[in-house]
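Hello,

Here is the structure we talked about. Please look it over, then read my notes below.

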Amino acid sequence: VGGTVVTALAGITVLDLTSGVAGPWCTALLAGFGAEVVKIEGPAGDPTRAAGPWPAGAPDPEASGLFLHLNRGKRSVCLDLEQEAGRALLERLLDRVDVLVGDHSPAAAERLDLADVTVRHPRLVHTWLTPFGTEGPYRDHAATDLVHSALAGWTATQGEPDREPLFVGSSIPSHLAGQHAALGTVLAVLDAEESGRGQRVDVSVQAVAATSLLYDSVGYAYTGHVRGRRGNRWDAPWKTLPVRDGWVGVTTIREWEVFWMVVLGTDDVPVNPSGLADPAERAAAIAALYERSRTVDKRAFFEAAQDLRVLACEVLELDEVLAAPHFAERGYFTTVEHPKAGAVVHTGPPARLPASPWGPAGPAPLLGEDTAAVLAGLGLDAADLERLRAAGVVAS
Amino acid sequence: VTGGILDGVRVADFSMGWAGPLLTQCLADHGADVIKVESCTRTDWWRNSRALFADGPEQLECSWEQQPLFNAVNEGKRGITLDLASAEGNRLARALVATVDLVVENYTPRVMGNLGLGWDVLSGERPGLIMVSLPAFGSTGPWSAYKATAFVTESLAGVSSRCGYAYEGPMLLSGSPADPNSGVIGALSVALALRHRRRTGEGQHIEVSQVEALMPHVGAELLGVAATGVVPPRTGNARAHGGPRGVYPVRGEDRWIAVDADTDARWAALASLLGLDEPAWNSPAARAADHARLDERVATWTRERDGAEAVAALQAAGVPAAPVQNAADVLDDPHVVATGLFHTSERAHVGEKPYPGPVLRMSRSTLTPRTPAPTLGEHNAEVLGGLLGLDDAELAALADQGVIGTRPVGT
């Protein structure tokens, strides 16, 4: 076994026709593990270039935080697929890559002749990531992460019982779907390398979101109970408690007396509300408990609880995540210099594979940054490129 | 005729709960032979997961076999018991590992080593072995020994901080997405490591720190905070920019729909459908700033409508919208039903129940049909006899010594 470190997807080339979150996160994972990813953007660029947040302060399509997060280590070719000449170039690129990742709606895929692309390119792996899949009654519906969360059962259980249900707050369904798409892609690559045959891999965000929430669907089927919203109330299975500098999270605390003696540093321990049947007494005990918990700092609470082997946490705000010594000691975050955004802090490896590690080389690309270089690889010369530019088929 | 992509890959699965078992279930779907190892003294902690759905204590025959969550994430596997703390159980575990390609475990970092089943030992049993560990915080760093379930890793990754009513405290996530998240990242890691091994012959010990695997979900937000130092406030269901985005009441008891005008075009469609034609709302910034008034106008429209009717009208206009569905609604959802996301399996002790199936649809490769989650020790004879060559007398002796069995100790 050699000592050379190689990447897991060395030698794999990916053509990325996706935009938004799910598809780009799929190809970001492939790029992170060593694939060469060429992102095709239309003349307007990926819409996430307009999304923010703005690390350089002001809105700039070359420095959108969401775009930078999702597209690190990829190349960008600006190509107008609405034009016949653009589609012809795409077809030539498809001859040269191992994987196509697309996210077109079924109708758009028909129009671009992508639905059965593996028939024309039998060695190609075609990963097709859509909101609702390519069949079924919602196949043409519009969706966002809010919509996916609502439909899949996530939102109904989130929030206070007497208020509106709450969105999970970030684009978790899309990221999760991108991860499943990456898994399907690598599995199909493993197969294609052995058999010489590619295939289509279909993934829908809705399928991922609905099947990821086991708690409610299967739990309901077994017990007939539909879980409702419990918010941060004391009777919720896990909930927050207020502390001096924010919130901590707890579940049932079994060794109540010892736990609060250690956390509060006194044997004057608050009453356990769970032991009280009378609603008024219980409410008073909860209020008294909160008054006591507010005297403790979140980090001290978390570490004291864990040292007692009590399952608890602090709820970190985003600046506290970035500052946490644990992540620093593990070297999790990485800083990458970007020509427009400056020094950009990126999340690190989702998994650590010591023999074939994570590490996309470069920053996210400028729109069309690699158009000339990639098309030169197809044998186009400067005059060809100029003609295509003038016709608006390619940019930059 | 093609088979499953992972046909011939064998897995010794020491994991419990959700993340690890989901990882190995993903592999089983594609043909891997997954052997789940429990013990009668230490059953999978999800054999006690039903309490989350029950109002109080239940009297159930063989309760450990009637667990919805366990039975959902352990389909397609074989199950054995081995008391890993006994010398004989330990020896058999190592003998099992010598026959596999992959070991999966999700204990806190020192447990496998303390059982004499750490990477240094197991990699010696099997050249080219791949092992996946899924510790909450990773094997190094000041929090490495801390224990966690999903709400803990979600809170320390910053994910919980993005959920909450506007300008109020954070809300712990009710659905525990940290677990399916780690599971699929782990499965992806295995596929990557299999390619690496095919090219180099080299195995490796993969670490999925569950909190690190979660942070990309808020990667853009973290990137922004790192650059500007400004932590954006919680916004409830609203967008910080553009919109409106919200969860609005419709006819019926606790019935709601989600509506998200995430682009200018979709805002124009929503405004046209609902008659929201105030020029003051022309810019995304103005809509976000005035979202309370805008939300009230949307709610006025939704409140007098049936949810399905409102969603149909919004979707027909091109506006992302959906009912807020509970568990019963999800199982009945016409799209979920039409696309076969759930299948039913007949299993001992619980009869026929629905379970979520594989989400990947492959045009050429075969997905392995799911078999029901194994009962405790169901495949002891098949695996320890068939694979490791123990005879009936040896199996009987192991049962006598309590190394293997089919009931949890103390039941």
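**Helix packing and the chain contact**

In chain A, the axes of helix α10 (residues 256-264) and helix α12 (residues 298-307) come within 10 Å and cross at roughly 140°. Helices here are DSSP runs of H or I, at least four residues, numbered from the N terminus. Axes are lines fitted to C-alpha atoms over the stretch in contact, and angles run from 0 to 180 degrees between N-to-C directions. α10(A) and α12(A) are therefore oblique (under 35 degrees is roughly parallel, over 145 roughly antiparallel, 65 to 115 roughly perpendicular, the rest oblique).

This is a predicted model: local features need pLDDT of at least 70, side-chain atom pairs need 80 or more, and totals for chains, interfaces and linings use all residues. Residues are numbered from 1 along each chain as written, chains are lettered from A and ligands numbered from 1 in written order, and side-chain values use heavy atoms, without hydrogens and water.

From α10(A), A:Phe259, A:Trp260 and A:Val263 meet A:Phe301, A:Ala304 and A:Ala305 of α12(A) (contact: heavy atoms within 4.5 Å).

Also in chain A, helix α1 (residues 22-32) packs on helix α7 (residues 172-195) at about 50°, axes 7 Å apart. That makes this pair oblique too.

Now the two chains. The contact takes 143 residues from chain B and 141 from chain A. It has 10 salt bridges (a side-chain nitrogen of Lys or Arg within 4 Å of a carboxyl oxygen of Asp or Glu). B:Arg195 and A:Glu193 meet in a salt bridge at 2.8 Å, N to O.

Best wishes

Note on methods. Helix = DSSP H or I, 4+ residues; strand = E, 2+ residues; numbered from the N terminus.
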